[in-house]
Amino acid sequence: MSHSFNRQRGFTFLELIAVVVTLGVLAFAAYIAATGTKAEAEISDGTRFIVTNASSTLGQVYMTTDGSYNVLRGASFDQTASRNALILRGMPRQLPWGQDWIIVDIPAGAQSVTVDWPCSALRLTCEDLRAAVQARVSADPLAHSTVGARGIQSVALEGADETEAVRVVYGRPS
């Protein structure tokens, strides 16, 4: 009498470890790809906001008032009042990544507006945002025109760490 045993053979421990490691590597790669895409989208949205939306809003203010930014400046410069005046004209309160922008200066004569665009909450760096804004301005000669009311005159980095921002001067040079 012969006994035939049906012996079921499972996976070895090494085979299971290999599958778990492979799945982990694939999940990590997918996470990195998704994070990179979100970071690039933030830079793209921020650049569009700074170069197109803010320039357009400031240009409308300039063209529909007395040919200056006096309506934002008032008798003496007040950051909060100037910011609120732009918000009333359609400028969003926050940047796409959730930080508030700041009007730094509207000099006497009101031919320019200096705005800080904080970027410490970005997934990428402020330098990445500055470079993207600068590239977009350079690619659009009208955006950098000294005759254009909406022109961007300069783009620079200001501050460090939590206070780091891209500083943009809009309008005509003084």
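## Ground rules

Contact here means heavy atoms within 4.5 Å. This is a predicted model, in which local features need pLDDT of at least 70 and side-chain atom pairs count only at pLDDT 80 or more, while totals for chains, interfaces and linings use all residues. Residues are numbered from 1 along each chain as its sequence is written, and side-chain values use heavy atoms, leaving out hydrogens and water.

## The chain as a whole

Let's start with the overall layout. The protein chain holds four helices and four strands (DSSP runs numbered from the N terminus: H or I of at least four residues for helices, E of at least two for strands). Along the sequence, their order is α-α-α-β-β-α-β-β.

Of the 174 residues in the protein chain, 35% are buried (under 20% relative accessible area; exposed is over 50% and partly exposed in between, with a 1.4 Å probe and protein chains only). Among contacts between residues at least 6 apart in sequence, 57% join residues at least 24 apart.

## Around Asp-105

Asp-105 sits in strand β1, which covers residues 102–105. Its relative accessible area is 32%, so Asp-105 counts as partly exposed. Beyond its neighbours within four places in sequence, Asp-105 is in contact with Phe-77, Ser-112, Val-113 and Thr-114. Asp-116 lies eleven residues from Asp-105 in sequence, with 9.6 Å between their C-alpha atoms.

## The disulfide

A search of the whole structure turns up one disulfide (a pair of cysteine sulfur atoms within 2.5 Å). Cys-119 and Cys-126 form it, with their sulfur atoms 1.8 Å apart. The disulfide is right-handed because the torsion about the S-S bond of Cys-119 and Cys-126 is about 120°. Both Cys-119 and Cys-126 are buried.
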